[in-house]
Amino acid sequence: MSERTLRGKTAIVGMATAGIGEAHGFSAMELLGKAAVAAVADAGLRMQDIDAVFAATSSHAFPTMSVVEYLGLRPTFFDGTNVGGSSFEMHLLQATLALEAGLCDAALVCYGSNQRTAGGRLVSMSEPQWHETPYRPRHPITAYALATSRHMAMYGTTREQLADVALAARDWANLNPDAFARGPLSKDEILSARMISDPLTKADCCLVTDGAAACVLVRADRARDLPGKPVYFLGAAGANYHRSIVAMPDLTATAAAESGPRAMQMAGVRQSDIDLVMLYDAFTINTLLFLEDLGFCPKGEGGRFVEDGRIAPGGELAVNTNGGGLSCVHPGMYGLFLIAEAVAQVRGDAGERQIDDCNLALCHGNGGTLSSQVTAILGSEAAL
């Protein structure tokens, strides 16, 4: 099967989030269930119409089994691929393959976490790496601080430029009533924030929140008969070179440099065609690395690219319009929330933060310590 034959074959017809911020008294599965029920209703379907489940969580060893049991489903296809926060961009590709192959008719992609109210700390969810443990890293922050330091040394990137990323995220969050962190934020406050892992301060690190999200995909011919505005799958690709940060071939170059071009080739688009860029900003350095590796600016120019509000509201490139993981939501795994914002923008449902003529959205997920990279392109009927 040629990869281009997947373009436009499926569409997201239902999307929902739940419990963003603090959801006291709810388990991770209960939050996931709330989002799933709302997404299925948004699609104009019944829960019994769902015959495929794609899930990855940070608290369930067998996520699809747990989801199926909790929601009372009997799927004909299921997949619990877990490659960290990028899992859900990969699930869009896997769901499209399953739908196109006729293995299912309605696919649910879902995630839920009560990380904030259950624990409230930013800690690694995965097993220690034996060759790192003797040095007592504070993962995931230590790994991203290492990449940040290297980028600074090689390209002259400054903490002020990293602060521009956090400022832009907060400016977008202030337009989003669902964002957890809202209110004024100055560059001086970011630069003077408590140092967590040099050179990353608390303001350079993502939030720790609760939250759940879910979406429903069907084949494109069926999507047009359902009540909601469909958001079409146009392309996706993943790439992965390492697991541990110490095995990363180049701390300043991620596998997004491979996943991005392949996803855009499948979608038949270029960087200049993209209206919205949703990047997994677990730390401020992520935004710079992914803007570079996805081809929106040359390698090493990410810091200069984001200066002067270029990615903030009113800037040249709309990036992380929900406020991102830095100011909107980050419940352990953030990848499905990238998709949720892309769907809202393409549908024209983003309220005060809505950007003009949003027909093409790029979602880029990141898993592990800059390890798994998955890029997905979504679009409107006009883009299709």
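**View 1. Strand 1 and its two partners.** Strand 1 (residues 10–21) is mostly covered, with 9 of its 12 residues buried; buried here means under 20% relative accessible area, with exposed over 50% and partly exposed in between (1.4 Å probe, protein chains only). Strands (E, at least two residues) and helices (H or I, at least four) are DSSP runs, numbered from the N terminus. This is a predicted model, in which local features need pLDDT of at least 70 and side-chain atom pairs count only at pLDDT 80 or more, while totals for chains, interfaces and linings use all residues. Residues are numbered from 1 along each chain as its sequence is written, and side-chain values use heavy atoms, with hydrogens and water left out. Strand 1 runs antiparallel to strand 7 (residues 210–219), joined to it by 9 bridges; look for Met-15, whose bridge partner in strand 7 is Cys-215. Strand 1 also pairs with strand 8 (residues 231–240), again in the antiparallel sense, over 2 bridges. There, Ala-11 has Tyr-232 as its bridge partner.

View 2. Two strands count as paired if DSSP finds at least two bridges between them. As a reminder, strands of a sheet pair through backbone hydrogen bonds, either parallel or antiparallel. For a parallel example, follow strand 9 (residues 276–279) along strand 11, where they share 4 bridges. Leu-276 has Ala-361 as its bridge partner in strand 11.

View 3. Contact means heavy atoms within 4.5 Å; axes are lines fitted to C-alpha atoms, for helices over the stretch in contact, and angles run from 0 to 180 degrees between N-to-C directions. Helix 13 (residues 335–347) has 13 residues and spans 19 Å from its first C-alpha to its last, close to the 18 Å expected, a figure found as 1.5 Å times one less than the number of residues. In helix 13, 13 of its 13 residues are buried.

**View 4. Thr-369 in its loop.** Zoom in on the loop between strand 11 (360–367) and strand 12 (372–379), where Thr-369 sits. Thr-369 counts as buried because its relative accessibility is 8%. A polar atom of the Thr-369 side chain lies 3.3 Å from the backbone oxygen of Arg-243, and the Thr-369 side chain reaches the backbone nitrogen of Ile-245 at 3.4 Å. Leaving aside neighbours within four places in sequence, the residues in contact with Thr-369 include Ala-143, Tyr-144 and His-242.

View 5. The model has 0 disulfides, a disulfide being a pair of cysteine sulfur atoms within 2.5 Å. The closest cysteine sulfur to that of Cys-110 is in Cys-215, at 8.8 Å, so it is too far for a bond. Cys-110 is buried, at 0% relative accessibility. For Cys-328, the closest cysteine sulfur is in Cys-206, 12 Å away and too far for a bond; Cys-328 is buried as well, with a relative accessible area of 3%.

Terms used
A polar contact is a pair of N or O atoms within 3.5 Å; within protein, one must be able to donate a hydrogen and the other to accept it, and residues adjacent in sequence count only if both atoms are side-chain atoms.
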